[in-house]
Amino acid sequence: MFRPGDFYFLSFPAVKGLSKEAHPFSVTTVPNKAHTVVFTIQTSGDYTENLGLASPGDPVRLEGPFGRFDKILSHDDPQQPLILYGMGTGLAPLLSLADAYASVRPVHLFWTVRPGDAQIFDQQFETLLARHPQIKLNRHVHRFEPKDLQRLLSKKEIQSGRFVVVGNASGVLQIEKTFVALGVGRSRLTDERLTM
């Protein structure tokens, strides 16, 4: 059984024209009784562009689950605010974390995106906010400026919140540096740097 924030390596061994190589994709839903795993995959590279060659019923190999976010977050104080910051498709694992934790602790979700991609998670946001209207959500085309983050984050979030950042490696390092400059302790920063 996977945990919120986990990912799997997917491969399609029998689909002609699709690489047999396994690629990592994050689960965007919480564990459920039906044992259904949902991935939200943006077609942005050679591998994902060809995923349309797969048809319902084609065998898929899942390696995993892998992840550490839920293992870390499950030990936090339930009153500790949870700040989730996703860049582009780095939002995917954060959606399941937000869904899993919004009923037990304050959740603030940030998402930055390139122009033209701003609608790719609209359906997931709609479902998530319908289930948990108390989640604070901030979306922005391009990265948030430090002054914007200072305005959007509460004093309590900065002083005691757990921050989880997911995105490309250089972006993660840059935003973590910004958070530290705002007063966030490094011990409260957790990240995943996407490299594929």
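Predicted model: local features only at pLDDT ≥ 70, side-chain atom pairs only at ≥ 80, totals over all residues.
**Notebook: a helix under cover and its salt bridges**

I started with Asp70, which is buried at a relative accessible area of 10%; buried means under 20%, exposed over 50%, and partly exposed in between, with a 1.4 Å probe and protein chains only. Residues are numbered from 1 along each chain as its sequence is written, and side-chain values use heavy atoms, with hydrogens and water left out.

**Entry 1, the whole chain.** I found seven helices and eight strands, taken as DSSP runs (H or I, at least four residues; E, at least two) numbered from the N terminus. The radius of gyration is 17 Å, close to the 16 Å of the globule rule for 196 residues, so the chain is as compact as a globular protein of that length. That radius is taken over C-alpha atoms, and the rule is 2.2 Å times the number of residues to the power 0.38. Buried residues make up 45% of the 196. Of the contacts (heavy atoms within 4.5 Å) with a separation of 6 or more, 73% join residues 24 or more positions apart.

How many of the 10 residues in H3 (92–101) are buried? I got nine, so to speak a mostly covered helix. Among them are Leu94, Leu95, Leu97, Asp99 and Tyr101. The cover includes strands S2 (23–26), S4 (82–87), S5 (107–113) and S7 (162–168), along with helices H2 (69–73) and H4 (122–131).

I searched the whole structure and have 10 of them, each a side-chain nitrogen of Lys or Arg within 4 Å of a carboxyl oxygen of Asp or Glu.

Back to Asp70: its partner is Arg3, with the closest N and O atoms 2.8 Å apart. Arg3 sits in the segment before strand S1 (7–11) and Asp70 in helix H2, so this pair ties together parts 67 residues apart in sequence. Arg3 itself is partly exposed, at 31%.

Next I checked Asp99, which meets Arg131 at 3.0 Å, N to O. This pair links H3 with H4, so parts 32 residues apart in sequence are tied together. Asp99 counts as buried at 14% relative accessibility.

Arg139 lies in strand S6 (136–141) and Asp122 in H4, so the tied parts are 17 residues apart. Both are partly exposed, Arg139 at 43% and Asp122 at 31%.

Last, I noted a network of salt bridges linking Asp76, Arg105 and Arg162.
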